[in-house]
Amino acid sequence: MKDEKKQDFTRRLSCCNRGEMIIIIYDILFSYLEDALEAQKSGDYNEFKDSVHKAQQVVRRLMGTLDFNYPVAKDLHALYRFINELLALAIVKNTSQNIVDAKKVLKNLYDGFWEAAQHDTSEPLMQNTQQVVAGMTYQKGALTETLQGSESSRGFLA
């Protein structure tokens with residue numbers, strides 16, 4: 001994953017609520033899976049394996065945050081275990097088909113979480129974070145980029 005994408009995810013995470021956070025985590029997971037597919041196409045097995053491992057870490061994080069006081073958590077845990085097994089098989093077989101299959105399952109979950117996030121009106125998880133505003137200013141003989149911070153934690157940087 002490129003630094004620009006990491007920065008974008010960091011900005012989004014800094015001002016999201018609970019519902020938006022799960023969407024961002026899924027977006028990160030999809031990004032690693034896309035990186036793996038690209039590496040597999042180009043024949044870079046080490047990059048492929050590294051990207052799949054990172055995706056597995058995200059899936060394990062999702063598994064670790066499940067609240068088993070809710071019955072749906074058991075079903076999600078089973079699906080996440082299945083996805084991790086698919087990803088492990090992708091590494092062993094050096095094939096993209098298992099990643100494609102995992103993405104199909106994840107896409108269905110993502111759609112459900114996305115719908116739920118649209119109804120989440122909770123406050124951002126991080127309070128008083130800086131919202132970065134970038135712009136261009138003209139200085140003598142040069143056009144430079146400037147950053148301005150504010151204490152607003154409202155809004156969702158997409």
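The largest pocket of this predicted model holds about 530 Å³ of space. Here a pocket is an open set of points on a 1 Å grid over the protein atoms alone, where a 1.4 Å probe fits, with protein on both sides within 12 Å along at least five of seven lines; its volume is the space filled by probe spheres set on the points. The lining (residues with an atom within 4 Å of a point) has 20 residues, and Ile 22, Thr 65, Leu 66, Asp 67 and Phe 113 are the closest to the pocket's centre. Residues are numbered from 1 along each chain as its sequence is written. Local features need pLDDT of at least 70, side-chain atom pairs count only at pLDDT 80 or more, and totals for linings use all residues, while side-chain values use heavy atoms, without hydrogens and water.

Helices H2 (18-42), H3 (45-64), H4 and H5 each supply at least two residues of this lining; helices are DSSP runs (H or I, at least four residues), numbered from the N terminus. H2 gives the most, with 5 residues. By type, the lining comprises 14 nonpolar, 2 polar and 4 charged residues.

Two of these helices also meet each other. The axes of H4 (residues 72-93) and H5 (residues 97-118), lines fitted to C-alpha atoms over the stretch in contact, come within 8 Å and cross at roughly 155°. H4 and H5 are therefore roughly antiparallel (an angle over 145 degrees). Their contact (heavy atoms within 4.5 Å) includes Leu 76 and Tyr 80 of H4 and Val 105 and Phe 113 of H5. The contact residues divide into 15 nonpolar, 1 polar and 2 charged.

Notes: Axes are lines fitted to C-alpha atoms, for helices over the stretch in contact, and angles run from 0 to 180 degrees between N-to-C directions. Angles under 35 degrees count as roughly parallel, over 145 as roughly antiparallel, 65 to 115 as roughly perpendicular and the rest as oblique. Ala, Val, Leu, Ile, Met, Phe, Trp, Tyr, Cys and Pro count as nonpolar, Asp, Glu, Lys and Arg as charged, and the others, Gly among them, as polar.
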